[in-house]
Amino acid sequence: MSGESDLRTLLSGMRPLLRPGRYVFTTVDGGVPEGTAPVVTVAEEEGLTLVVTQEEADAAGLAYDYVAGWITLRVHSALDAVGLTAEVSRALAGAGLSCNVVAGFHHDHLFVPHEHAERAVEVLGELSRGAARGDD
């Protein structure tokens with residue numbers, strides 16, 4: 001049940017998947033609003049952060065200012081793996097792309113500016129192919 005921890009294997013096996021839709025980060029006091037099905041929740045002192053579809057946020061009247069594309073790295077990464085987030089962030093930053101990373105039990109999920117999501121997948125594909133070739 002444990003995931004992969006070898007960095008080269010993680011990078012070469014990322015298989016980034018751009019999920020359909022537009023996702024937003026919002027925050028609420030209390031629980032999850034009716035009619036929303038968050039893909040991410042984070043409990044913070046200031047409130048409950050939700051990542052929901054833009055359509056759900058609009059329907060629930062939730063405020064947001066960042067619209068993201070959701071990319072899943074389909075390699076099963078170990079929670080204690082070292083370097084994957086750093087390498088992914090470095091590659092995206094080098095392309096001028098911001099990235100918000102969420103680690104699930106099986107996979108890492110990236111939220112990037114929606115208008116640049118396809119470019120982010122291209123950058124990640126280049127990173128993955130470079131790792132498979134053994135580029136350093």
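Modeller: In this predicted model, the side chain of Thr72 makes a polar contact with the side chain of Arg19 at 2.7 Å, and a polar contact with the side chain of His109 at 3.0 Å.

Biologist: Why is Thr72 called buried?

Modeller: Thr72, which is found in strand β4, has a relative accessibility of 2%, and buried means under 20%, so Thr72 counts as buried. Leaving out residues up to four places away in sequence, Thr72 touches Arg15, Pro16, Leu17, Arg19, His107, Asp108 and His109.

Biologist: In what order do the strands of the sheet run, and what makes β2 and β5 edge strands?

Modeller: The six strands form an open sheet in the order β2-β3-β1-β4-β6-β5, with antiparallel pairing. Strands β2 (40-44) and β5 (100-103) each have a single partner strand, so one side of each is left without a neighbour in the sheet, and that places them at the edges. From one strand to the next, the twist averages 30 degrees.

Biologist: How do you know that β1 and β3 pair?

Modeller: Two strands count as paired if at least two bridges are found between them, and strand β1 (residues 17-28) and strand β3 (residues 47-53) are joined in the antiparallel sense over six bridges. Within this arrangement, Val24 stands opposite Val52 in β3. Strands β2 and β3, which run antiparallel, are joined by five bridges, with Val40 having Val51 in β3 as its bridge partner, and a hairpin of two residues connects β2 to β3.

Biologist: Which strands does helix α4 lie across?

Modeller: Helix α4 (residues 117-133) lies across β1, β4 and β6, and runs at about 25 degrees to β4.

Biologist: What makes Glu122 and Arg119 a salt bridge?

Modeller: The closest N and O atoms of Glu122 and Arg119 are 3.4 Å apart, and a salt bridge requires a side-chain nitrogen of Lys or Arg within 4 Å of a carboxyl oxygen of Asp or Glu, so the pair qualifies. Glu122 and Arg119 are three residues apart in helix α4, and are therefore separated by about one helical turn. Glu126 also forms a salt bridge with Arg119, at 3.7 Å between the closest N and O atoms, and Arg119, Glu122 and Glu126 are linked in a network of salt bridges. In general, side chains of opposite charge can pair when their charged atoms come close.

Biologist: Which residues touch the most other members of the largest nonpolar core?

Modeller: Among the 19 residues of that core, these are Met14, Leu73, Val88, Leu92, Leu110 and Leu124. At least two residues of the core are supplied by each of α1 (7-12), β4, α3, β6 and α4, and the largest share, six residues, comes from α4. Apart from its neighbours within four places in sequence, Val88 is in contact with Met14, Leu73, Leu110, Leu124 and Leu127. A second, separate core of eight residues includes Leu48, Val52, Ala57 and Leu62. In soluble globular proteins, nonpolar side chains tend to be buried together.

Conventions
Residues are numbered from 1 along each chain as its sequence is written. This is a predicted model: local features need pLDDT of at least 70, side-chain atom pairs count only at pLDDT 80 or more; totals for chains, interfaces and linings use all residues. Side-chain values use heavy atoms; hydrogens and water are left out. Helices (H or I, at least four residues) and strands (E, at least two) are DSSP runs, numbered from the N terminus. Axes are lines fitted to C-alpha atoms, for helices over the stretch in contact, and angles run from 0 to 180 degrees between N-to-C directions. Contact means heavy atoms within 4.5 Å. Buried means under 20% relative accessible area, exposed over 50%, partly exposed in between (1.4 Å probe, protein chains only). A polar contact is a pair of N or O atoms within 3.5 Å; within protein, one must be able to donate a hydrogen and the other to accept it, and residues adjacent in sequence count only if both atoms are side-chain atoms. A nonpolar core is a set of buried Ala, Val, Leu, Ile, Met, Phe, Trp, Tyr and Cys residues joined through side-chain atoms within 4.5 Å.
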